[in-house]
Amino acid sequence: MTATIEPPKPEAPKSWLREYSELGVSVLLLALGVLVLTDALTMEVDIEQRGPIGPKTVPIVVGIGLLVIAVLLAIDVLRGGRGEAEGGEDIDLSEPADMRTVLLLSGVFLGFAVLIGPLGFPIAGALLFWGAAFALGSRRLDRDPLIAAVLSVVTYAVFNNLLGVPLPGGPLIGAL
């Protein structure tokens, strides 16, 4: 009996797109940075009324940060850097996505977008936070609505009163 030795099979050549797929993230960050900066720089704000640090400051800083990160990521990928898989991830990529959770979260966000106008941010935000907690698995009906309401009112107060970014108050506008 003669053993035949087969030569090793050559690996399929990796396409350029697969090899540098992380450049897609860099392009996305670059586009997002340009969008944020464009919106921030074209925002109409009365500087005399807001002071030197107003609603434009944070979007400009975030936009510049996104552009810097996009460029640094592109340089790293082109030099051969690769993102490593998380060692602590317990996600089985062969399993399908939990579509129930995805659809519940999508519904909660859509509901928030519809309700923020008539109900205002404090009420719509509380429903958003509570709905997101429910969609992600929390079933503490004694605690979740209270945490959602406090988080929503604090967020509203910080943006509206401290940062000078007006959010719709809805029926609670006089109370807050």
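This is a predicted model: local features need pLDDT of at least 70, side-chain atom pairs count only at pLDDT 80 or more; totals for chains, interfaces and linings use all residues.
Student: OK. What does Thr101 touch, leaving out residues up to four places away in sequence?
Tutor: Ala135 and Leu136.

Student: And which helix is Thr101 in?
Tutor: Helix 5, residues 99–135. Helices are DSSP runs of H or I, at least four residues, numbered from the N terminus.

Student: Is Thr101 buried or exposed?
Tutor: Buried, with a relative accessible area of 17%. The cut-offs are under 20% for buried, over 50% for exposed, and partly exposed in between (1.4 Å probe, protein chains only).

Student: Which side chain makes a polar contact with the Thr101 side chain?
Tutor: That of Asp98, at 2.5 Å. A polar contact is a pair of N or O atoms within 3.5 Å; within protein, one must be able to donate a hydrogen and the other to accept it, and residues adjacent in sequence count only if both atoms are side-chain atoms.

Student: Switching to rings. How many aromatic pairs?
Tutor: One. Rings of Phe, Tyr and Trp (its six-membered ring) pair if their centres lie within 6.5 Å; planes under 30 degrees apart are stacked, over 60 edge-to-face, the rest tilted.

Student: Why is the Phe112 and Phe121 pair classed as it is?
Tutor: Their planes are at 85°, so the pair is edge-to-face; the ring centres are 5.9 Å apart.

Student: Are those two buried or exposed?
Tutor: Phe112 is buried at 19% relative accessibility. Phe121 is buried at 9%.

How values were computed: Residues are numbered from 1 along each chain as its sequence is written. Side-chain values use heavy atoms; hydrogens and water are left out. Helices (H or I, at least four residues) and strands (E, at least two) are DSSP runs, numbered from the N terminus. Contact means heavy atoms within 4.5 Å.
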